[in-house]
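I opened the notebook to record what I looked up in this structure, entry by entry. I begin with how one chain is divided, and then move on to the other chain and to a few single residues.

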Amino acid sequence: MSDHDYTPSSKVGKWFNDRLPLLTLANHLTDYPTPKNLNYWWTFGGILTFCLITQIVTGLTLAMHYIAHADMAFESVEHIMRDVNYGWLIRYIHANGASMFFLAVYIHIFRSLFYGSYKSPREIIWIIGIIIYLLMMAAAFMGYVLPWGQMSFWGATVITNLFSAIPLVGEGIVTWLWGGYSVDNPTLTRFFTLHYLIPFLILGLVVLHIWALHVPGNNNPVGIDIKKPSKDTVPFHPYIVIKDGFALLMFMIVFAFFVFYSPNILGHADNYIEANPMVTPAHIVPEWYLLPFYAILRSVPDKLLGVVAMLSAILILAVLPWLDTSKIRSAVFRPLYKQFYWILVADVLILGYMGAMPAEGLYLLIARVATAYYFLHFLVILPVLGFKEKTIPVPLSITESVLGGTPNLAAARNRESSEKLK
Amino acid sequence: MKNLIKLFYIISFIFLATVHSQSAEKVDYLKTDWSFKGLFGKFDRGSLQRGYQVYTEVCAACHSMKYLSYRNLAEKGGPEFSIIQAKAIAASFEVVDGPNADGEMFTRPAKLSDKFVMPYENEKAAQAANGGAYPPDMSVLVKARGGGVDYIYSLLQGYEDAPSGVTLDEGVHYNKYMYGNKIKMSAPLSDGIIEYGDGTVASVEQMSKDVTTFLMWAAEPHLEARHRMGFKAIVYLIILTVLVYFSMKKIWSRVESEV
């Protein structure tokens, strides 16, 4: 990496770069040394950037035609679907784009969990990521309210009512959030404003996320620190650009299938019924990407504790770098952690399924066990595992692990066993 | 490539799980072959025109369709009545307009640009005339019901005598596809209730299919354009993906690593 010695070849370029080093930045981004063994799970960072930009561009276009008023919102969405040129396309991209965004972010998060990308020295990248994820959930929730269908209205009612669980000031806070004594026009207009604002906050945080990433550089499937640049790295352009591009295209094929052939399958039918405060839907269900947390919320019998459990389930991720005591990053070299990792994945999927089911009988029981296990994983299993687990020797360089060479591996084994003797 | 397979496996698994979870309460709806499903799905023009006839002669007595305009009837991808036919249809309805130069409201025949005339002044009037139950607006009805077209198609044919043990209140009917089986709407269709202009026999099954097709178009007027564009977009993406794949292979052949 030659960040500091970069000089533009043209005179004009040099003049400009001395005053605003944009060309140095561009040079840094293209030359950025990236581990050469990154697998396809690493392409979701680029895919997420694409998702964010798609949501912002389609969202801006929709905002030109949408009317944030309780009496007109539903109708204006139908106006977009029927009369605006390609309005149906823009709206379906935006609505399904939210689902694709969450699909990608969950893969991105679980990749981090598998390869230990949250560990030192990448804690700040991880924490910024968690804040982005929280903002994404807020943006998605408020966006779902805007069409002012039945699920919009009742989802907003249920979620905002959670704040009433706060002792003493809860009721006051809810009234303040609503801008009145029920979810109504003032709620809709403020949700629209915030839904418009949050993506730009996310955009800013994404810049910080990438900036923080470019300090230590990417983690990699082997999870070892590497020298940069070296035989273990490739420049970001063209190697990673083309690989991310290929993965993005595959992702877009799935995306296009939803937009063009099943645009409503991920939504709820009730949201095509205009909001009616006098009629409560049979089941109030959030969008699929919020279901695991919804299951945690409902599995606690007490309202306040349920809210606390739901929030903790997300916030616990922020302290993950300190809960995981293992020095080894990649699960590839952690045989026990690897198994617990897949159990956690299954646990979250089960929670998601239970979140869509009525909270009663066996469903509720399973949800409670799964909730307990979720916290057990982070609060007990991870800290203990770091001390108890016997890990597999880690190779010294990526080249070694890629080429399957043995000399250094043998050296590493020797070193590790000698360390153990000490 | 092994990783890619895993990737696709995970994606499909998650979405299948979601879809399955959202269709938990499964009912076996009546099946028929809808021409608008599938990669190249298009509406059957004749069915749409007949469906409009069923809507306007039967359903429209109680159900509004407030997001549609008469011009939609002549638009591409819909029933595609000729402009003259659509104008004639519009002119058969009276709308209130105004105020005129004297400040008075007046009625005039509807034009292509007018929205479908509603059977009742407002929701309350509709409820009052229908024993307290509001006949839902039909503009997006197909998308507002869990089973979609299959549900509507089945519901229209699902009227039966109540099984023993089920007591029905005055003005309530038994329908085996209705949520909770009790419905305020009496069976709207019966064989030969209307006479199709094109000579098709107006059986309950035929009318159910036609009117459901019409409702699908009403809810998704750009469905044909969407399918056409979708096919092109996906073919384009696949070709581009293949090209990028080989470029990637070429570029990465310079390093000792696998892609």
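Entry 1, domains of chain A. I looked up the domain assignment of chain A, which gives domain 1 (1–31) and domain 2 (40–284); such bounds come from an automatic or database domain assignment. I noted that this is a predicted model, in which local features need pLDDT of at least 70 and side-chain atom pairs count only at pLDDT 80 or more, while totals for chains, interfaces and linings use all residues. Residues are numbered from 1 along each chain as its sequence is written, and chains are lettered from A and ligands numbered from 1 in the order in which they are written.

The C-alpha centres of the two domains of chain A lie 34 Å apart. I found 4 residues of domain 1 of chain A in contact with 5 residues of domain 2 of chain A, where contact means that the C-beta atoms, placed from the backbone, lie within 7 Å. The side of domain 1 of chain A that touches domain 2 has 2 nonpolar, 1 polar and 1 charged residues; Ala, Val, Leu, Ile, Met, Phe, Trp, Tyr, Cys and Pro count as nonpolar, Asp, Glu, Lys and Arg as charged, and the others, Gly among them, as polar.

Entry 2, chain A as a whole. I read off 17 helices and 2 strands for chain A, these being DSSP runs numbered from the N terminus, with helices (H or I) of at least four residues and strands (E) of at least two. The radius of gyration of chain A, taken over C-alpha atoms, is 24 Å, close to the 22 Å of the globule rule for 422 residues, so chain A is as compact as a globular protein of that length. That rule is 2.2 Å times the number of residues to the power 0.38. Buried residues make up 40% of the 422 residues in chain A; a residue is buried if 20 or more other C-beta atoms lie within 10 Å of its own, exposed if 12 or fewer, and partly exposed in between, with C-beta atoms placed from the backbone.

The contact takes 40 residues from chain B and 38 residues from chain A. On the side of chain B, α1 (2–22) and α7 (223–252) each supply at least two residues, and α7(B) gives the most, with 16 residues. I noted that this side of chain B divides into 24 nonpolar, 12 polar and 4 charged residues.

Is B:Leu39 buried or exposed? I found that B:Leu39 is exposed, with 11 other C-beta atoms within 10 Å, and that it lies in the loop between α1 and α2 (45–57) of chain B. Leaving out residues up to four places away in sequence, B:Leu39 touches B:His227 and B:Phe231.

Most residues other than glycine have a negative phi, and most peptide bonds are trans. In chain B, a cis peptide bond joins B:Gly98 and B:Pro99, with omega about 0°.

A:Leu168 has a positive phi near 65° and is exposed, with 7 other C-beta atoms within 10 Å. B:Glu80 has a positive phi of about 55° and is partly exposed, with 15 other C-beta atoms within 10 Å.

Methods
Two residues are in contact if their C-beta atoms, placed from the backbone, lie within 7 Å.
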